Each structure stands twice: as structure tokens, then as C-alpha cells.
Amino acid sequence: MSVSITSILKAARTHCEEEIMPNVDAWNASSVWPRASSDKAAALGLTGLYAPEEFGGQGLSLGDGIQVYEELGRGDGAYAFALSMHNICTYAGCGFGTEAFKAEWGRELTSGRKLANFALTEPQSGSDASNMYSRAVINADGTWTISGAKAWVSLAGEADIYFTVVKTSDEPGHKDMAMIAIPKDTPGLSFGPRYETPSYNFLPMSEMYLDNVVVSEDNIILPVGQGLQGSLMAIDIARVSIASGCCGLMQSALDTALAYSHNRKMFKGTNLDLDGIQWMLGEVATDLEASRLLYKAAANALGTDQGPLMAAHAKRFVPDAAVKAANTCTQVLGGMGLLKPYGMDRLSRLSQMLRIVDGTTEISRVVIGRSLKARAKTLPVPVIPKGFGEA
């Protein structure tokens with residue numbers, strides 16, 4: 001029987017309030033991924049959101065499932081981001097993987113017993129994904145031998161399998177690109193030192209090295225020629241998921257500022273009685289409502305011709321609004337906003353991180369600009385009045 005989005009969102013809200021919010025500071029202090037907590041998320045159905053029910057997933061549409069990250073993002077944007085990437089990989093594996101892969105990994109991933117992550121970026125190439133050095137040689141027995149390096153791999157060393165994009169020749173371009181899933185215990189797979197991150201220490205990120213890693217053809221997720229196209233779809237889903245998580249972050253910042261200003265006594269009243277404070281927080285509230293409408297519209301557009309453009313609009317607007325919201329709400333708290341117990345510094349740093357991952361806001365502007373140029377070509381040439389220098 002299909003699960004309802006209402007029950008899933010309620011489960012995500014409960015997980016945020018009972019598991020993330022009380023523990024996130026301890027997670028960061030320990031610098032260890034909270035596997036026990038992600039196991040609890042899995043038990044609530046949050047690790048197989050879009051996967052088919054036949055593999056133990058929830059069978060939700062992207063438009064519905066992506067709303068989960070707003071609930072989780074109220075607790076922590078990095079935690080929401082990590083689970084969103086796992087869900088994207090699970091969606092890809094259960095939807096496009098070989099029958100052998102689905103049989104071995106499908107229920108392991110939807111149940112959260114095994115975690116997955118995505119490896120596309122390389123040390124020398126971020127947004128220019130086709131500038132890729134990782135190479136796969138297809139052997140006579142069908143196995144693939146892979147060498148190369150990936151960068152900014154989240155859940156590095158913690159995930160159980162990595163959906164990795166590689167080239168299969170030295171030809172320029174993307175027509176030879178593919179995606180293959182590499183289990184963590186595969187000989188030749190290793191990870192570099194963890195990146196030092198300011199406010200999401202519990203999320204391990206590092207480079208991933210592949211030294212003649214041999215993988216079965218059963219683990220091919222997207223065959224040669226489909227790797228980049230599939231990766232771009234995954235990134236579009238990730239961008240909208242990040243926008244969803246940013247809305248949760250904005251709500252958390254706004255609620256903290258509201259609770260504080262409502263109880264802070266000054267000038268024979270409270271901070272919240274001051275017009276200036278109301279206007280500052282009112283602007284945050286408007287940006288939050290606009291951001292919700294935008295990410296939900298983008299989520300429903302995924303898989304259509306408008307999907308990439310709508311994802312770009314969401315990734316451009318919402319993280320920028322989250323940075324602004326975190327800064328504004330910190331300002332409302334005054335000096336108290338600088339103190340760690342209020343969590344505003346963490347939210348500010350997280351909002352900046354979410355502006356960057358899975359395509360910076362500047363790359364989103366490039367996507368939007370290309371769309372505008374294409375539209376401009378379809379418009380009639382305007383009539384220029386005489387007297388402006390034309391012959």
C-alpha cells in the first residue's frame with residue numbers, strides 16, 4: 001500500500017525535533033557521522049523516498065518526496081543534504097540499475113542498511129564535468145577497471161557504495177561517459193584526509209581515489225553515452241532538494257529570531273514591538289514563502305523540458321535567500337546572535353555551504369542566462385524610432 005506524503009512529512013518532522021535538533025551540536029563536536037540517527041531516519045522510511053515499492057521504497061514522486069528536506073533542514077542542512085544524495089542514488093539504482101544490482105542492493109539501500117553517495121566532481125573540474133580524468137577500461141570479461149580521483153565526496157568512507165561517473169575513452173566530450181556503482185570494500189578504492197569544514201564536521205567529505213579498481217558489469221547504473229545526461233538529472237534533483245533544505249534552515253532562523261525578539265524586553269516593550277524588527281523579519285517571512293513556492297514548482301517540473309531551468313531558478317534564488325535570512329536573523333538577536341547556543345553562526349555557515357554544493361548560484365545564473373538568450377532569438381526585432389543614429 002502506498003505511503004502518503006502527509007505521513008512521511010510527519011515522520012520527517014518528528015525525526016527533526018527528536019533526533020536532529022537535540023543532537024546536532026554533539027555530532028559536530030564528535031566529528032562522526034551519526035549512523036545511529038540515520039538508521040532511525042531509515043526506519044521511518046526516509047531513505048527510499050522515490051524508489052519503487054517492490055524494492056521497499058516509498059514510491060513517492062520527486063515533487064512530493066523533495067519536501068522531506070525542508071522538514072529535515074530545520075534541524076540541519078548538511079544532514080538533509082546527505083540523505084538527499086543517498087535518496088538520489090537509491091532512485092537511480094532501483095530505477096536504472098541492472099537486475100542483478102537491484103536484487104543485491106535495492107532493499108539494502110531503501111532500508112538504509114547501506115548508504116550510498118554520488119561521485120562526479122574531480123580535483124581539477126567542478127562545474128565543467130566533461131573535463132574528467134577518471135577512466136574506465138572495459139575488459140574482455142565485461143568487468144571495468146577504473147583509475148582516477150574524485151573530490152568533494154560526501155559520506156566519504158561512511159557510505160557503503162559510491163555512484164561514480166567515469167569516461168571510457170580519451171575522446172573529448174561526454175559521449176563516452178557512464179555511471180557505475182563502486183562498493184566501499186572494493187580493492188583499490190581509498191579516501192584522502194577529511195576536509196576541515198566549519199559547521200558540519202559530522203559529515204565526512206574528502207577526495208576518493210581509484211587505483212585499478214575492478215567492478216562487475218552488474219554494477220553499471222548508466223551505460224556508456226548516458227553518464228553525463230543522467231548525472232545532470234541527478235544534479236537537478238539535488239539542486240531542488242537543497243532549495244527545500246534551505247527553506248527549513250530559513251524557518252529555523254526565523255523561529256529563533258521571533259522567539260528571542262518576542263521575549264527580549266526593551267524600550268517599555270519587546271523587540272518584536274519595534275517596527276524595524278517587524279520589517280526585518282517580515283522580509284525574511286516573504287522570502288521564505290516565495291522560496292517554498294519556487295522549490296515546489298521546480299520539484300514538480302523535474303523530468304520535463306522545464307526541469308533544468310526551474311532547478312536553476314530554485315538553486316539561484318533560495319540559497320541566496322537563506323544566506324540573507326540567516327544574516328538578518330542574527331542581526332535581530334544582536335550580540336546574542338554571536339553566541340553558539342543560539343545556533344545562528346551554524347545556520348549562517350550552512351547557508352553559505354548550500355549556495356555552493358551541486359552547482360554554485362553563479363552556475364545557475366549561467367543556465368538561466370542561456371535560457372534567456374534562447375528566448376531572445378524567438379522575439380521580434382523591436383522597431384527603433386528614427387533619430388537614433390540609424391541610416
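The structure is a predicted model, in which local features need pLDDT of at least 70 and side-chain atom pairs count only at pLDDT 80 or more, while totals for chains, interfaces and linings use all residues. Residues are numbered from 1 along each chain as its sequence is written, and side-chain values use heavy atoms, with hydrogens and water left out.

The chain contains twelve helices and ten strands, taken as DSSP runs numbered from the N terminus (helices H or I, at least four residues; strands E, at least two). Its C-alpha trace spans about 80 × 75 × 45 Å along the principal axes. Of the 391 residues, 54% are buried, that is, under 20% relative accessible area with a 1.4 Å probe and protein chains only. Among contacts (heavy atoms within 4.5 Å) with a separation of 6 or more, 73% are between residues 24 or more positions apart.

The second largest pocket has a volume of about 340 Å³. A pocket is an open set of points on a 1 Å grid over the protein atoms alone, where a 1.4 Å probe fits, with protein on both sides within 12 Å along at least five of seven lines; lining residues have an atom within 4 Å of a point. The volume is the space filled by probe spheres set on the points, which are joined across faces, edges and corners. Lining this pocket are 14 residues, with Phe-96, Gln-229, Gly-230, Met-233 and Ala-234 nearest its centre. Two or more lining residues come from each of α6 (77-96), β8 (220-222) and α8 (227-263); α8 gives the largest share, six residues.

Methods
Buried < 20%, exposed > 50% of the residue type's maximum accessible area, 1.4 Å probe, protein only.
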